[in-house]
Amino acid sequence: GLTVKYAYENLVEQNASTIIFDGGLSYQTGFKSIEIAASLRHFGPEVKFLDSPYPLPQTFAIGISANIFAPGEALISQVEDQKLLIAYNLSQPRDYSQQHNIGLEYTYNDLISVRGGYKLNYDEEGLSFGAGVNYDGYKVDYSYNDYGEFLGQVHRFSIGFSIN
């Protein structure tokens with residue numbers, strides 16, 4: 001996929017604008033359920049303020065995921081009505097050291113899901129977990145994130161539906 005964005009900033013004394021690109025791809029390896037994905041965000045020319053060029057906050061990310069067990073292709077075993085997905089993501093921002101995300105999602109009968117994850121090398125974020133119910137085209141999800149000392153605990157709820 002590819003996204004094109006127009007960015008504009010007005011700093012009273014001067015303003016600047018540029019075109020920014022985001023791109024990504026996903027590849028199903030064909031080996032069991034392993035999928036690899038990569039993205040590049042905020043790719044574009046430097047922006048000039050007061051005759052000095054500044055680079056965009058570009059970020060490169062690459063990730064891998066697979067079902068440890070699932071009804072179909074799985075790394076370890078096939079289990080009817082249950083899935084355990086594991087995912088890992090490495091992110092390299094231009095202006096910060098590498099960040100790592102790891103997560104698990106257990107799903108029973110495509111009805112109930114329980115999720116958990118951890119973010120490494122973030123200033124405030126860390127542990128997250130959640131759960132969801134998917135029934136007859138309707139979805140209800142809850143998540144919890146620990147944003148550390150300044151933002152504290154964040155709880156999110158979402159409700160969705162699909163039209164067939």
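How many salt bridges does the structure hold? The structure holds five salt bridges, a salt bridge being a side-chain nitrogen of Lys or Arg within 4 Å of a carboxyl oxygen of Asp or Glu. Before I go through them, please keep in mind that this is a predicted model, in which local features need pLDDT of at least 70 and side-chain atom pairs count only at pLDDT 80 or more, while totals for chains, interfaces and linings use all residues. Residues are numbered from 1 along each chain as its sequence is written, and side-chain values use heavy atoms, with hydrogens and water left out.

Let me begin with the overall build. The protein has one helix and 13 strands, where helices (H or I, at least four residues) and strands (E, at least two) are DSSP runs, numbered from the N terminus. Read from that terminus, the order is β-β-β-β-β-β-β-β-β-β-β-β-α-β. The radius of gyration, taken over C-alpha atoms, is 20 Å, whereas a compact globule of 164 residues would have a value near 15 Å; the globule rule here is 2.2 Å times the number of residues to the power 0.38. Along the principal axes, the C-alpha atoms fill a box of roughly 65 × 40 × 35 Å. Of the 164 residues, 21% count as buried, and buried means under 20% relative accessible area, with exposed over 50% and partly exposed in between (1.4 Å probe, protein chains only).

Now to the first bridge on my list. Aspartate 22, in strand β2 (residues 15–28), forms a salt bridge with lysine 5, and the closest N and O atoms are 2.8 Å apart. This pair links distant parts of the chain, since lysine 5 lies in strand β1 (residues 2–10) and the two residues are 17 residues apart. Aspartate 22 counts as buried because its relative accessibility is 15%, while lysine 5, with a relative accessible area of 30%, is partly exposed. The side chain of aspartate 22 also reaches the backbone nitrogen of histidine 42 at 2.8 Å. Leaving aside neighbours within four places in sequence, aspartate 22 is in contact (heavy atoms within 4.5 Å) with residues including Gly1, Leu2, Thr3, Leu40 and Arg41.

Two further pairs deserve a mention. Lysine 83 forms a salt bridge with aspartate 110, with the closest N and O atoms 3.3 Å apart. Here too distant parts of the chain are linked, lysine 83 being in strand β8 (residues 82–93) and aspartate 110 in the loop between β9 (99–108) and β10 (112–120), 27 residues apart. The side chains of lysine 119 and glutamate 125 meet in a salt bridge at 2.7 Å, N to O.

Finally, the surface. A nonpolar surface patch of about 1100 Å² is made by residues including Leu25, Tyr27, Phe60, Tyr118 and Phe129; such patches are made of residues with over 30% relative accessible area and no salt bridge, with like charges joined within 9 Å and nonpolar side chains (Val, Leu, Ile, Met, Phe, Trp, Tyr) within 5 Å. β2, β6 (59–70), β10 and β11 (127–135) each supply at least two residues of this patch, and the largest share, three residues, comes from β6. Tyrosine 27, placed in strand β2, is partly exposed, with a relative accessible area of 49%.

How values were computed. Polar contact = N/O pair within 3.5 Å; in protein donor to acceptor, adjacent residues only side chain to side chain. Areas by Shrake-Rupley, 256 points an atom, 1.4 Å probe, with all protein chains shown as cover.
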